[in-house]
Amino acid sequence: MTQLTELVPATLDAVEVPSDEASTFITSRYARDGAPYVRLNMITSVNGAAAGADGTSDTLTSRVDRTILGAIRDDADVVLVGAQSVRAEGYVLPRTALLAVVTRSGSLGGHRLDARDDIAHRRVLIVCPEGSPADREGVQLGAGIEAEVVPVAALRGTDTLTPEAIVAALRARGLHRIVCEGGPALASQFVEAGVIDEYCLTVAPTVEAASAPLFAVTATARPDTEVAGMLVDAAGFSYLRLRALRANPAHQATT
């Protein structure tokens, strides 16, 4: 077990993880009101690596981080992830939220998706450009998982899907509470577009090889944020929530 303490706000409330009390404590800190949102939820080393020595986030994570991940997913309508992350990391379908995979090519060959017995949905949304092979021919995932293609209009003359278009397509299907889990390329696009309402970042107390930051952002697209909450545990992990201060253009367009 490890002790988890709340530093912001400075209540210094503490719980032992794992425990029923800890689950309630974490859920209450990460719960949002009923309004639509886009959250970014990722883990990083102190020097900005999104993966550990094995090339995945599994070697960065902790029991507390996994508990927080579950709370964030349970609050969401849909969990959004890039196809490369699905291929590299493997993904267990969320218990209640849908999983949506963004792919330009529509190819998920070598994917590592897993559906446990207690999940509410055995359906995965394939978010792809209109007219792509996935849009025309569909996608087969196997393992008892159904693929539902979500075609999105790409930028003219390209196969690039903008974050605004992706968010609008999901909201058109009644999926208003969106959690983006990366990887770094997809996260960078969402940050650069200014559609993130809240950043949920776990910082692991380790230094890892990193060729690029967790997500990139230019000076002109730097988001204005404030600290909404911060937890720390006895193992040296920190769990930070940053809220965006500026109005979200994607919400203005779709709500």
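Biologist: In which sense do strand 4 and strand 10 pair, and over how many bridges?
Modeller: Strand 4 (residues 78-82) and strand 10 (residues 177-180) pair in the parallel sense over 3 bridges, and V79 stands opposite V179 in strand 10. Strands and helices here are DSSP runs numbered from the N terminus, with helices being H or I of at least four residues and strands E of at least two, and two strands pair if DSSP finds at least two bridges between them. Please keep in mind that this is a predicted model, in which local features need pLDDT of at least 70 and side-chain atom pairs count only at pLDDT 80 or more, while totals for chains, interfaces and linings use all residues. Residues are numbered from 1 along each chain as its sequence is written, and side-chain values use heavy atoms, with hydrogens and water left out.

Biologist: What sheet do the strands form, and in what order?
Modeller: An open sheet is formed by 11 strands in the order 2-1-12-13-11-3-10-4-6-8-9, and its pairing is mixed. Strand 2 and strand 9 (146-152) are the edge strands, each pairing on one side only. From one strand to the next the twist averages 25°, where angles run from 0 to 180 degrees between N-to-C directions, and axes are lines fitted to C-alpha atoms, for helices over the stretch in contact.

Biologist: Which helices pack on it?
Modeller: Helix 2 packs on the sheet, touching several strands, among them strand 3 (37-45), and its direction makes about 165° with that of strand 3. Helix 5 (residues 163-172) also packs on the sheet, with strand 6 (98-102) and strand 8 (123-129) among the strands it touches, and its direction makes about 125° with that of strand 9. Contact means heavy atoms within 4.5 Å.

Biologist: And how do helix 1 and helix 2 pack?
Modeller: Helix 1 (residues 20-30) and helix 2 (residues 63-75) pack at an angle of about 50°, with their axes 9 Å apart. That makes helix 1 oblique to helix 2, since angles under 35 degrees count as roughly parallel, over 145 as roughly antiparallel, 65 to 115 as roughly perpendicular and the rest as oblique.

Biologist: Which residues make that contact?
Modeller: From helix 1 the contact uses I26, T27 and Y30, and from helix 2 it uses T67, I68, A71, I72 and D75. These residues divide into 5 nonpolar, 2 polar and 1 charged, where Ala, Val, Leu, Ile, Met, Phe, Trp, Tyr, Cys and Pro count as nonpolar, Asp, Glu, Lys and Arg as charged, and the others, Gly among them, as polar.

Biologist: What about helix 5 and helix 6, at what angle do they cross?
Modeller: The axes of helix 5 and helix 6 (residues 184-193) come within 9 Å and cross at roughly 95°, and the two helices are therefore roughly perpendicular to each other. There, P163, E164, I166 and V167 in helix 5 meet Q189, F190 and A193 in helix 6, and by class this contact has 5 nonpolar, 1 polar and 1 charged residues.

Biologist: Switching topic, how many salt bridges are there?
Modeller: The count comes to 12 salt bridges, taking a salt bridge as a side-chain nitrogen of Lys or Arg within 4 Å of a carboxyl oxygen of Asp or Glu. In one of them E198 pairs with R39, the closest N and O atoms being 2.6 Å apart. That pair links distant parts of the chain, with E198 in strand 11 and R39 in strand 3, 159 residues apart.

Biologist: Where are the hairpins?
Modeller: Strand 1 and strand 2 form a hairpin with 5 residues between them, and L12 in the turn has a positive phi of about 60°. Strand 1 (residues 2-8) and strand 2 (residues 14-17) are antiparallel over 4 bridges, with T5 opposite A14 in strand 2. Strand 12 and strand 13 form a hairpin with 4 residues between them, where G236 in the turn has a positive phi of about 95°, and 7 bridges join these antiparallel strands.
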